[in-house]
Amino acid sequence: MSNHGPNETHNAAIPAEDPGRNLLASYVCSGVNRATVADTSQPQTESPRTKDSVFIYVVDDEPTLLELAEYILEMEGFRFEKFEEPRKALAAFQAADPKPDLIITDYVMLGMDGLQLVGECQRIKPDLKSILVSGTVQEEVVHRSPVKVDRFLRKPYLAQEFLEAIRGVLKIK
């Protein structure tokens, strides 16, 4: 696991010579199945943002996948906080000022699923962008839910697919 705490804000790059992190990224990013990215949002007319102007929450109870997301986001220079427990993420969201622009969350987690987490956060910040990630359910779960997410990303995902989903949802140049 990384040496960052679960509630730290990150905005740093990882040196390319960090073989452990590169091995992790190579292992997870080279999954046998290609991920699918589905846009579930409505057309919007927001102006483009830059990645240094956004703040992201990442929630996944699988430490390896959380570390992969951390690695990708750090390499791209995004500011973010990561959480292994959805209830801790919700508590941090409630206290955050300013609130994050995007929440990326796994679907299946103990105590609260990803759609419940997104729904609770959207009650606080209705314009919150969201990406639901899952290796256990299909996109239909999103379409049947009263909670709407902007994108669905299937695990295992490639780093490029993860970044494309983020850039698409946030309209980043």
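This is a predicted model: local features need pLDDT of at least 70, side-chain atom pairs count only at pLDDT 80 or more; totals for chains, interfaces and linings use all residues.
The peptide bond that joins Asp97 to Pro98 is cis, with omega near 5 degrees. A further cis bond links Lys155 to Pro156, with omega near -10 degrees, and Pro156 is found in the loop between β6 (151-154) and α6 (159-170). Most peptide bonds are trans.

Of its 5 residues, 5 are buried, so β4 is largely enclosed by the rest of the structure. Leu102, Ile104 and Asp106 point one way from the strand, while Ile103 and Thr105 point the other way. Strand β4 pairs with β2 in the parallel sense over 4 bridges, and in this pairing Thr105 is the bridge partner of Val59. Strand β4 also runs parallel to β5, to which 5 bridges join it; here Ile103 stands opposite Ser130.

Together, β4, α4 and β5 make a right-handed β-α-β unit. The buried residues of the helix are Gly114, Leu115, Leu117, Val118, Gly119, Cys121 and Gln122. These residues pack against β2, α3, β4 (102-106), β5 (129-134) and α5.

In soluble globular proteins, nonpolar side chains tend to be buried together. The largest nonpolar core of this model has 25 residues, of which Tyr57, Val59, Ile103, Leu115, Leu117, Cys121 and Leu132 touch the most other members. At least two residues of this core come from each of β2 (55-59), α3 (86-95), α4 (114-124) and α5 (140-144). Leu117 illustrates how these parts meet: apart from neighbours within four places in sequence, Leu117 is in contact with Val59, Pro86, Ala89, Leu90, Ile103, Thr105 and Met112. A second, separate core comprises 24 residues, among them Phe80, Leu153, Phe162 and Ala165.

Phi of Lys171 is near 55 degrees, a positive value in a residue other than glycine. Most residues other than glycine have a negative phi. Lys171 counts as partly exposed because its relative accessibility is 28%, whereas the five positions of β4, namely Leu102, Ile103, Ile104, Thr105 and Asp106, are all buried.

Technical notes: Residues are numbered from 1 along each chain as its sequence is written. Side-chain values use heavy atoms; hydrogens and water are left out. A nonpolar core is a set of buried Ala, Val, Leu, Ile, Met, Phe, Trp, Tyr and Cys residues joined through side-chain atoms within 4.5 Å. Buried means under 20% relative accessible area, exposed over 50%, partly exposed in between (1.4 Å probe, protein chains only). Contact means heavy atoms within 4.5 Å. Two strands pair if DSSP finds at least two bridges between them. A crossover is right-handed if, with the strands pointing away from the viewer, the path from the first strand over the helix to the second runs clockwise.
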